[in-house]
Amino acid sequence: MNTLIKDNLVRNYVAGEWQAGDNQKSIAIEDPATGKVITHCALASDKSLAQALKGARESFESGVLKDMKPVERAKLMARVAIEIRKLVDEGGELLCRESGKTLDDAKAEFSEAADYFDYYGGIADKIEGKSIPLGPDYVDYTILEPYGISAQIVPWNFPVSLAARSLAPALAAGNSVIIKSPELDPLGVAALGLALERANVPKGIVSILNGIGSDLGAKLVASKDIDQIVFTGSVATGRAILKSAANEVVPALMELGGKSAGIVYKDADIEEVLESVKWGIFFNAGQVCSAMSRLLVCRERYDEVLERCVKLAESLTIDHGLKNPDLTAIISENQLEDIESKITQAKNEGVDVATGGSRIERTGHFMAPTILSNVNPNSRIAQEEIFGPVLCLIPFTSNEEAIEIANSTEFGLVAGVFTKDLSLAHKTASALKAGQVFVNEWYAGGMATPFGGIGKSGFGREKGVEALYNYVRTKNIAIKL
Ligand code: NAD
């Protein structure tokens, strides 16, 4: 990582060059599990942004990627995957330290990032148009062209894997990309620059800039020289970005927050439910857009599920991510305070805290695994995203009521159903307002399955073959014979 971190400073990857930025400004990167500064990160200056934009435009117009033989582009993607895999150990440790997540999960992010390059590399030479019959006097066909410069804003919860989730299909389609890394944990994303450099991705095609969202991020998305925005993050930021997109009439993809519900029907396998609760709300300390933040349980099984959830929460190991515990730190003091204040407000409104409910008194930013019981489905705590290890348990009486409660928030990212009755599962899945429904296993699916929201969870889909088509636009060519 010597290229990446020099003089205790992580630099920007600007049009193929590693730069500290010309304004000498930097931010301290903290280990959330110790509260100690691990290194500093150079902020990209306006000049770096201008250079990134120039490099992206020139490389795009030169055709170095978009006009590359598709099969060669596929091979380039495969080389990037190989280089990312070489970073799994070192990059994983950096990501673990800066984000607080477990070492295993941090390494898995690098592996997943590599997998995205293999997956979309595999489609790079299969981006096909169609021919449209217009009768004997015409030949009509479509071609799918890259947009140009894709500006991509990445959040802090899965920075490496989410950066690759958008970067890989954008490159497979021949776009140039400028990434704005998350200011809380930019190191892992910066490390992706090493892989791109080592794989000989042409200069200018990708820049990775470090900066504060409201400053550099806002400037990037407001630029007149971008052709597409891909945003993953909160609703509030998404709204601000959409205003910039509207000004310049730039297409935008929005992957926003959620308040997703699992429904436990009478015949559910409780072991499956518990396994899903463990991953659904405690994985990455609940800082997951598609977390299971509400669990709706039929009254017949409610007491049993509550008791088992409390037992599970109280049995979790809690430690520094390097030790691979069940529950890790919250990314920052601000985030922890935000979670705590939401719980305090819910307590003031009379919510029943079955376990947890406050921070853990130890070094670092740790939130106790929390189960809230008999939560009023219309209360703020049941409606707002918490982004922490906090599960709202809500009883229901009829299946119709369960679906109504599940659909009652302004979000619609994912949802889950637990039952052995396939017909009930199928009918519930089609009635749920969500971009993705899990049956009997939270997070079922993967890289190949389209992911995205409805309502305030955003629009457009990432992952799968479908996502590739976010990064191309159709041109129709009609020829009069
Ligand atoms: P955030 O909106 O605060 O920040 C996301 C990114 O946007 C960061 O890089 C930030 O620097 C940047 N940013 C902030 N203000 C900006 C502005 N005005 N213009 C341009 N960029 C700006 O979100 P976060 O706290 O980093 O992430 C958590 C949120 O992301 C949660 O709401 C979560 O649900 C959501 N999320 C969604 C998905 C998904 O795929 N749907 C995945 C992960 C996270």
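Tutor: The residues lining the largest pocket divide into 20 nonpolar, 12 polar and nine charged. Here Ala, Val, Leu, Ile, Met, Phe, Trp, Tyr, Cys and Pro count as nonpolar, Asp, Glu, Lys and Arg as charged, and the others, Gly among them, as polar. The model is predicted: local features need pLDDT of at least 70 and side-chain atom pairs count only at pLDDT 80 or more, while totals for chains, interfaces and linings use all residues. Residues are numbered from 1 along each chain as its sequence is written, and side-chain values use heavy atoms, with hydrogens and water left out.

What is a pocket here? On a 1 Å grid over the protein atoms alone, a pocket is an open set of points where a 1.4 Å probe fits, with protein on both sides within 12 Å along at least five of seven lines; lining residues have an atom within 4 Å of a point. Grid points are joined across faces, edges and corners, and a volume is the space filled by probe spheres set on the points.

The largest pocket has a volume of about 980 Å³. Its lining counts 41 residues. Nearest its centre lie Trp 156, Phe 231, Gly 233, Ser 234 and Thr 237. Helix H7 (213–222), strand E11 (228–232), helix H8 (235–248) and helix H11 (333–348) are the elements that give two or more residues to this lining. Helices (H or I, at least four residues) and strands (E, at least two) are DSSP runs, numbered from the N terminus. H8 gives the largest share, seven residues.

Now the second largest pocket. Its volume is about 700 Å³, and 30 residues line it. Glu 112, Phe 158, Phe 283, Tyr 443 and Lys 463 lie nearest its centre. The elements giving two or more residues to this lining are helix H4 (103–121), helix H5 (159–172), helix H9 (270–282) and strand E19 (436–439). H4 supplies the largest share, five residues. By class, the lining has 14 nonpolar, seven polar and nine charged residues.

Phe 158, Trp 279, Phe 283, Phe 438, Trp 442 and Tyr 443 form one aromatic cluster. Rings of Phe, Tyr and Trp (its six-membered ring) pair if their centres lie within 6.5 Å; planes under 30 degrees apart count as stacked, over 60 as edge-to-face and the rest as tilted. The structure holds 10 aromatic pairs. In one of them, the ring centres of Tyr 13 and Trp 18 are 4.9 Å apart and the planes stand at 45°, so this pair is tilted. Tyr 119 and Tyr 120 make an edge-to-face pair, at 4.9 Å centre to centre and 80° between the planes.

How covered are these rings? Buried means under 20% relative accessible area, exposed over 50%, partly exposed in between (1.4 Å probe, protein chains only). Tyr 13 is buried at 4%, and Trp 18 is buried at 13%. Tyr 120 is buried at 0%, whereas Tyr 119 is partly exposed at 23%.

Two lysines also meet rings. Lys 66 lies over the face of Phe 60, 5.2 Å from the ring centre. The charged end of Lys 480 sits over the ring of Tyr 138, 5.8 Å from its centre. The rule is that NZ of Lys or CZ of Arg is within 6 Å of the ring centre and within 35 degrees of the ring normal.
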